Amino acid sequence: MSGVPTTFDIEDTYTIADDIGDDSVSSVRTDQGYTPGNGTGAAVSKTGAGTLIFNGFNTYAGATTVSAGTLSGVGSLAGPVTLGNGATIAPGNQDSVGIFNTGAFTWNGGGTMNFRLGATGARSDLLLVSRSLLKGTAGTYRFHFGIGNSPPVVGTAYTLIHASNASAFAPGNFSFISDSSYQNLTGTFSIVSNAVVFTVTGVASDVIFRDGYQ
């Protein structure tokens, strides 16, 4: 990519499975606002209401800024990531849970983390932050919990985010909403060894889950 920010202005869903570096060229499609080139310190800006999915090992040096819509996938971003007010980060791919890796991560108030909870932590989404988890602008730091591959289990502690340093946040900073299937989900947040953890304290017994679980 070129040395200036590249904008993905997406209104639907756009998946990039390739590895993107500062000098990526023709392997990435040129629609959706992407222009390949040669440069250093390349950066990405995600705008538009759609979903950008990164599944590759992306080594470009610049920042990734999510200003609108959703950034998702099971890939990695070497540089810093900023989640803006009204935008969403969603580890995993559509119907499958997964792990998304980033550099330093700044969470601005009003941004949402979209996670799916399964029967165990291994069957749930995870955001791995290789550097610090940073608090940006003030506001609500909210998780949206959806349906995993199996129902969550009361008493299970789900690691949602693991960072090298999460001291900018306290458990009371976080809140959550859930899909209608999880309307009776209850739980508490904690920060353990620089990980943001959600422990389920209750879940409806009459919920219908994906893959035949209920």
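Me: At 28% relative accessibility, how does N194 count: buried, partly exposed or exposed?

Reply: N194 counts as partly exposed, because 28% falls between the cut-offs of 20% and 50%. Keep in mind that this is a predicted model, and that every value here is computed from it.

Me: Where is the place of N194 in the chain?

Reply: N194 sits in the loop between β18 and β19. S193 is in that loop too; β18 covers 186-192 and β19 covers 195-202.

Me: How should I read the phi angles of S193 and N194?

Reply: Start with the general idea. Residues other than glycine mostly have a negative phi. Here, S193 has a positive phi of about 50° although it is not a glycine. N194, also a residue other than glycine, has a positive phi near 65°.

Me: Is S193 buried or exposed?

Reply: S193 has a relative accessible area of 62%, over the 50% cut-off, and is therefore exposed.

Me: Let us step back to the chain. How many helices and strands are there?

Reply: The chain has 0 helices and 19 strands. Of its 214 residues, 49% are buried. The accessible surface comes to about 8,900 Å², and carbon and sulfur atoms account for 50% of that surface.

Me: What share of the contacts joins residues at least 24 apart in sequence?

Reply: Counting contacts between residues at least 6 apart, 62% join residues at least 24 apart.

Me: Where is G136 found, and what does G136 touch?

Reply: G136 is in the loop between β14 (126-135) and β15. Leaving out residues up to four places away in sequence, G136 touches T106, W107, N108 and Y141. With a relative accessible area of 30%, G136 is partly exposed.

Me: How do I read a nonpolar core, and which residues have the most contacts inside the largest one?

Reply: The general idea is that nonpolar side chains tend to be buried together in soluble globular proteins. In this model the largest nonpolar core has 42 residues, and those with the most contacts inside it are F105, W107, M113, F143, F145, L160 and I161. Strand β16 (residues 157-165) gives the most to this core, with 4 residues.

Me: What does F143 touch?

Reply: Leaving out residues up to four places away in sequence, F143 touches W107, M113, F115, L160, I161, F174, S175, F176, I177, F189 and V196.

Me: How is a pocket found, and what volume does the largest pocket have?

Reply: The general idea is that rolling a probe the size of a water molecule over the atoms shows where empty space is left. The largest pocket here has a volume of about 210 Å³. Its lining comprises 15 residues, and S72, A90, Q94, N114 and R116 lie nearest its centre. By kind, the lining divides into 4 nonpolar, 8 polar and 3 charged residues.

Me: Which strands supply at least two residues of that lining?

Reply: They are β4 (51-54), β7 (70-73), β13 (112-117) and β15 (141-147). The largest share, 3 residues, comes from β13.

Me: T112 is found in strand β13. Is T112 buried or exposed?

Reply: T112 has a relative accessible area of 13%, under the 20% cut-off, so T112 is buried. Beyond four places in sequence, T112 touches L83, A87, T88, I89, W107, R142 and H144.

Notes. Residues numbered from 1 in each chain as written. Predicted model: local features only at pLDDT ≥ 70, side-chain atom pairs only at ≥ 80, totals over all residues. Heavy atoms only, no water. 1 Å grid on protein atoms, 1.4 Å probe; cavity = no way out; pocket = protein on both sides within 12 Å on 5 of 7 lines; lining within 4 Å. Points joined across faces, edges and corners; volume = space filled by probe spheres on them. Nonpolar A, V, L, I, M, F, W, Y, C, P; charged D, E, K, R; others polar. Core = buried A, V, L, I, M, F, W, Y, C linked by side-chain atoms within 4.5 Å. Buried < 20%, exposed > 50% of the residue type's maximum accessible area, 1.4 Å probe, protein only. Contact = heavy atoms within 4.5 Å. Areas by Shrake-Rupley, 256 points an atom, 1.4 Å probe, with all protein chains shown as cover.
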